[in-house]
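Please keep the sequence and the coordinates at hand.

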Protein chains: 4
Amino acid sequence: MSEIILGKNQYGKAENRVVRIYRDTPRHEIRDVNVSTCLRGDFHAAHLAGDQSDVLPTDTQKQTAYAYAKEEGLRTIEDYGLALARHFVGDVAPVEAARIEIEEYAWQRAVVEGREHDYTWIRSGQEVRTAAVTVDGSGEWVVGGLKDLTILKSTGSEFSGFLTDDYTVLEPTHDRVMATSLVAQWRFTSTDVDWDAVYAGVKTLLVERFAVIQSLALQQTLYEMGAAVLRAYDVIAEVRLSAPNKHHFLYDLSPFGLDNENEVYNADDRPYGLIQATVTRDDAPPPGPAFDLQQGWLG
Amino acid sequence: MSEIILGKNQYGKAENRVVRIYRDTPRHEIRDVNVSTCLRGDFHAAHLAGDQSDVLPTDTQKQTAYAYAKEEGLRTIEDYGLALARHFVGDVAPVEAARIEIEEYAWQRAVVEGREHDYTWIRSGQEVRTAAVTVDGSGEWVVGGLKDLTILKSTGSEFSGFLTDDYTVLEPTHDRVMATSLVAQWRFTSTDVDWDAVYAGVKTLLVERFAVIQSLALQQTLYEMGAAVLRAYDVIAEVRLSAPNKHHFLYDLSPFGLDNENEVYNADDRPYGLIQATVTRDDAPPPGPAFDLQQGWLG
Amino acid sequence: MSEIILGKNQYGKAENRVVRIYRDTPRHEIRDVNVSTCLRGDFHAAHLAGDQSDVLPTDTQKQTAYAYAKEEGLRTIEDYGLALARHFVGDVAPVEAARIEIEEYAWQRAVVEGREHDYTWIRSGQEVRTAAVTVDGSGEWVVGGLKDLTILKSTGSEFSGFLTDDYTVLEPTHDRVMATSLVAQWRFTSTDVDWDAVYAGVKTLLVERFAVIQSLALQQTLYEMGAAVLRAYDVIAEVRLSAPNKHHFLYDLSPFGLDNENEVYNADDRPYGLIQATVTRDDAPPPGPAFDLQQGWLG
Amino acid sequence: MSEIILGKNQYGKAENRVVRIYRDTPRHEIRDVNVSTCLRGDFHAAHLAGDQSDVLPTDTQKQTAYAYAKEEGLRTIEDYGLALARHFVGDVAPVEAARIEIEEYAWQRAVVEGREHDYTWIRSGQEVRTAAVTVDGSGEWVVGGLKDLTILKSTGSEFSGFLTDDYTVLEPTHDRVMATSLVAQWRFTSTDVDWDAVYAGVKTLLVERFAVIQSLALQQTLYEMGAAVLRAYDVIAEVRLSAPNKHHFLYDLSPFGLDNENEVYNADDRPYGLIQATVTRDDAPPPGPAFDLQQGWLG
C-alpha cells in the first residue's frame, strides 16, 4: 500500500514592484523592478501539520525586498538578487535555497530643449531585462536575460525544403517577413561580472545576428544568435532562446487587381510557431538549479 | 403608449492589423497599424427586418483596409484614415458617415556595427500614436493623439492645500514621485497638415512641460501641457488629456531602522487617480462628430 | 486672437477593489466590486493656478468608497452607487455632479457533499454586472448593465443578401456559428427599482432572444434583444448594445479529403466585426448625463 | 578549448483555437479548445545548417490539429491529445517525442423558458480544464489539470506562530479571508481512464477540501487537497498545486469611527504570496517527461 508524501515545494512573494530613486546629486537615477522571492527547504511541518514555526512569512520577504533596495542598494538586478538570496539562505535558518526572479523596466531620460532632463523619464517599452538568481548551500547561479524584444526583418528570410506529409499545404518561400518577440536567458559561470556591460553586449549581438544572417529557418537564426554570445563571453555557459514566430501573412490582393510583392501583410495573433533552442558548450558545467523556476513552475 | 424605435447605431470591422512595407529601395520602410472602420447611416432595414441590402459587410471593410494600404499607401495614419473614410462615404451609397480609428506602433531600426540596418527593426514600446478620422456629408474631422506614454518625475511635484472632510486621511506633500500613462488627443481644424511634424512637435511639448513645471497637482500640469500645444499650433483647436495617476507610495522602512528620504517606492496597481481635462480656445469651432467613438462607445 | 480656456474636466479614483462580507449569520454573503468615483464641478483654480482648495483628494474618495461599504452597506451596486454619488454632491460643496461606475464579480457558493457551503465561493466568470450612477443638481440617472457575456449559437444564424462592391469577396451563408461577447447597458427612468430582479430578468431576456431568433444578421438580433427588454420593463427607457462578432471561421479540410459540414471551426482573435445599436422609445426622456463616461471618455 | 553545441530544443505550433461542433442530432455539442503542439527529435541539421528536410512545418501541425478534430474527434482533451501525439511520433519519421498541451473552455447551455437550449451556450468562466500529453518511444504520459479556479473563504483561515526576523512586521491572525486562483495538475499512471468522470471528481474534492479544512496556512490546505485526490484515485500518482495567495486586506476604517470586524476588504493585486506544493506517493513511478513543458519552458 502506497503512502502519500510531500514532494517538491516552495513558496515566496511574487511581483514586488520596487522603484528605487538615487538622488544624491541633482541628476537622479531610477531603477524600476518587479522582484519575486522564493524559498526552499524542509517545510514538512507547515504542510502536514499547519505548523508555521519554520515559515518566514511572504510578507516578511516583501519587507526585505524593499528594505534591501535601501540597505544594499539596487544598481544592477543581478547584484540585488544575489544580496537577497544570500540573506535568506545565510540568515534564515530553515531556508536551504532561495530563488530570486527579477524583471527590470527601462526608462529613458526625457529630452528638454535638446538636453537630457535630470529627473524626468519616459518608460522605454523596448524589452524587459531579467535576472534569476539561485543560491543554496553548494553554490550560486545567475541567469541573465531579456524578454519581449520584438524584432522584425522585412527580407532576408526563407523557408523551404521542409518535410511534407498528407497534412502539408504550406508553400515554400524565399522571401518573407520574419518577426519574433524574443525571450533569451544566459547562464553565467561566475558572479564576478560587469553585469551591465555584458547585458548590453549580449543584446547587441542577438540583434545583429538576427539582422545580418540570411535566415533559412528560425531554428538556424536562433542557433547563430546563441553561438555568437558564447563566442564573445567565456563567462556564459549556455544560452536558451524561445522565439514565437509572429506570423505576418502576405495579404491576397489579387481579387482587387492589385499586385502584392511583399508589401502588405496581416499581422496575425494566434496560432504562432514556437521555436525553442539551447546553445551551450561541450564542457559546460551542469546547470544545477539555475533554471528551476518560481514563475512558471506549473505553467 | 410608447413605441419602440431604433436609436443611434453603427457597425464596422475592428482591429485590422495591417503592416505595410515600402521596399522600393534597399532601405525598407515599415508602417504597423491597427485600424478599425465604422460606418453610419440609415440601417433600419437591417435592424428591423434583417434586410442586409444596404449593409456593406465588415469583411469588405477589412479587405478595403488592406487594399488601400497598397492602392493609396500608408505613409501617415491621418492620410490613410482620410482616404478610407472618404471612400466609404463617397463610394458606398448608404453610408452617410465613416469613422476610422487607427493605432500605430513605432519601430526603431536595428543598429548593426554602429549603423542603422536597412530592413531590420526593433519595436519601440514608448507610446502608441493614434488617429481618429470622421467624414460625413458636412465635413471632415481629424483627431491626432497618443496613448501609453508612461512618464515619471522623481521630484518637482507637490500636493497640498486640498479640501478635506471626515474621510480625509491623506497628508500633504511637497516632494513626491509623479507618474502617469498619458492619453492625449488633439483636434485639428484642417486636413492640410504636415502630420508627422506636428506629431513630433506635440509630443515634445507635452514631455517638456511635464518635466519642467513645478507641479502643484496633476490638473495644473495637464492644463499647462495642453495650453503649450495650443500656443504652438494654430491648426489645433483643443487638446483632451486623460492621466491616470500611477501612484508611487513611499515605502515605510522605519520598522527596520532605515531612513527613506524619497528613495524607495512601491509602484501600486490599483486604485489610481484619474484626472481628465480639456484645454481649448474660446473661439474653437464645435467638435461635431470628432469625438464620437467607435471603440469605447459603450465602455 | 483666441484665448486658451479650460474645457470639460473631471477627476476621481478609479478601480477601488472593495469586497464586502456579510457575516451576521453563519451563512455569509459576499459582494465583490470594482468601483470608480468621478467628480465634476468648477475646478478652474486647480487647473489654472494649482490651487487645490476645492479639490477633494482622490484618496479621500477611495476612503469613502470603503467606508460606505460599511456605513451604507453594499447589497446592490445600484444603491451603493447612489449613496456614494448623493454624498459627494450633497456633502462636498464644490462638487456639482458625481459619477460612480461599478463592476460586480459574481461568486457561486461551493458545493460540499451536495449542499451549498456557508462561507466558501467559486468565482463565476460568466458575465460582469455593471452600474453607472450619475447625480447632479437636476436629477439622478442609473444605467444598469452587463459585459463579457460570451454567448454562441451553432446554428440558426445566416448572413446573405448584403451590399457588395469591388472589395467584396465574402460569400453569403445560411448556416453559421454566431458568437459575441455582449456589452449591454439599460437606462432606468426611476431609482425605485428592485435592482436584482430587473437584472436577472433582463439577462434572461437577452439570452433567450439570442437563442431563439433565427438571425439574419447581428443587427437584427441585437434589435430584437433590446426591444424585448423594453417591452418587459416600463422602467427602462433605452438599451444600448455593443456586440463584437467573435468570428468562427469554418476550417477548410478539403485538402485532406475531409468534409466539414459546420463541424470544425477556427475561433479567430482579430479583426472582428463590431455591431452597436441603441433601442429606445419614441417618448423616452433625454439621457442627460447618463452616458457621460469616466472610464472610456478618451478611449 | 570548448566547442559550441546544440542543447535541448523543441518546436511546434502554439495556441490553435479549435472549436468542434457535434451536430448529428438537433441537440448539438460543443468543444472549445486551445491546443499547442510541440515536437522533439534530432533537428541538428535545421539549427546548424538551416536544412529543413527533417522539419515538419508548424503550419502542418496546425492543419493536423484541425483535421484530427474531425478525423479522430474531440470528445475529451486527453484522448484528442493522445491521438495527436501518437500520430506525430508514429507517422512522422524524425519525430522522437511529441508534447500536446490543451486548454478547454467550458460552455453552459443557455436556458430558454426553463429548458436547456439545443444549440446556444454561454461561456462559463469558472475554470479552464487543461491536459498535457507526452508520447515518446518509451511511453505515454497524461497530466490532467485545471487553472484559474478562483476560490475564496470568508472565515476558517488562520495564520500564526510563524517564524519572525528583523524584517517581520506581520501580525498573526486567527480569522482572515483566504482566496486563491488555483492551478492544479495531476499525473495519471494509465491512459485507460474515464477522463470526464475523474476530472469532475478531482475538482469536487479540491473544492470540498478547501472549504471544510480549518486552514492554518495555505501550505496545509494545499497538501490536504492533493492528498484527498490521491486517496480517491489510484490512477493518479501525484498532484502539483500552485496557489497565488490573492490577498484581501482588512480595510482600516478606524479613522472614520467605524468598526470593521472582517467585513470590508481591499482585494489587492500585487504582490501576492505564491505557494506551490507537490503531493505524491512513496512508490510513484518517476514522472519522466510528463512535466517537460512547451509553454513556459523559458518563462
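The dialogue below reads selected features of this model.

Q: What kind of model is this, and how are its residues, chains and ligands labelled?
A: This is a predicted model, in which local features need pLDDT of at least 70 and side-chain atom pairs count only at pLDDT 80 or more, whereas totals for chains, interfaces and linings use all residues. Residues are numbered from 1 along each chain as its sequence is written, chains are lettered from A and ligands numbered from 1 in the order in which they are written, and side-chain values use heavy atoms, with hydrogens and water left out.

Q: Is strand E3 of chain C mostly covered or mostly uncovered?
A: Helices (H or I, at least four residues) and strands (E, at least two) are DSSP runs, numbered from the N terminus. A residue is called buried under 20% relative accessible area, exposed over 50% and partly exposed in between (1.4 Å probe, protein chains only). Strand E3(C), residues 29-41, is mostly covered, with 11 of its 13 residues buried.

Q: Which strands pair with E3(C)?
A: Two strands pair if DSSP finds at least two bridges between them. Strand E2(C), residues 16-22, runs antiparallel to E3(C) and is joined to E3(C) by seven bridges. A hairpin of six residues connects E2(C) to E3(C), and Arg20(C) stands opposite Arg31(C) of E3(C). Strand E4(C), residues 95-105, is also antiparallel to E3(C), with 10 bridges between them; here Asp32(C) has Tyr105(C) in E4(C) as its bridge partner.

Q: What rotation superposes chain A on chain D?
A: A rotation of 180°, with 0.0 Å of shift along its axis, superposes chain A on chain D with an RMSD of 0.0 Å. The same surface serves both copies, as 100% of the contact residues of chain A recur in chain D.

Q: How many residues of chain A are in contact with chain D, and what area do the two chains bury?
A: Buried area is the accessible area (1.4 Å probe) that two parts lose on being put together, summed over both. In this interface, 86 residues of chain A are in contact with 86 residues of chain D. The two chains bury about 7,400 Å² between them, 58% of it on carbon and sulfur atoms.

Q: Which polar pairs link chain A and chain D?
A: A salt bridge is a side-chain nitrogen of Lys or Arg within 4 Å of a carboxyl oxygen of Asp or Glu. A polar contact is a pair of N or O atoms within 3.5 Å; within protein, one must be able to donate a hydrogen and the other to accept it, and residues adjacent in sequence count only if both atoms are side-chain atoms. Between chain A and chain D there are two salt bridges and 36 residue pairs in polar contact (both at pLDDT 80 or more). Glu15(D) forms a salt bridge with Arg270(A), with the closest N and O atoms 3.0 Å apart. The largest share of the side of chain A that touches chain D, 11 residues, comes from E1(A).

Q: Which salt bridges link parts of one chain that lie apart in sequence?
A: Over all chains, the whole structure holds 68 salt bridges. In one of them, Lys147(B) meets Glu103(B) at 2.4 Å, N to O. Lys147(B) lies in strand E8(B) and Glu103(B) in strand E4(B), so the pair ties together parts that are 44 residues apart in sequence. In chain C, Arg187(C) forms a salt bridge with Glu238(C), the closest N and O atoms being 2.8 Å apart. This pair links strand E9(C) with strand E10(C), the residues being 51 apart.

Q: Are Arg187(C) and Glu238(C) buried or exposed?
A: Arg187(C) is buried at a relative accessible area of 3%, and Glu238(C) is buried at 4%.

Q: Where is Gln126(C) found, and what does Gln126(C) touch?
A: Gln126(C) is found in the loop between strands E6(C) and E7(C), and is buried with a relative accessible area of 13%. The side chain of Gln126(C) makes a polar contact of 2.5 Å with the side chain of Gln108(D). Not counting residues up to four places away in sequence, Gln126(C) touches residues of both chains, among them Asp148(C), Lys203(C), Ile122(D) and Arg123(D).

Notes: Contact = heavy atoms within 4.5 Å. Least-squares fit on C-alpha atoms with pLDDT ≥ 70 in both.
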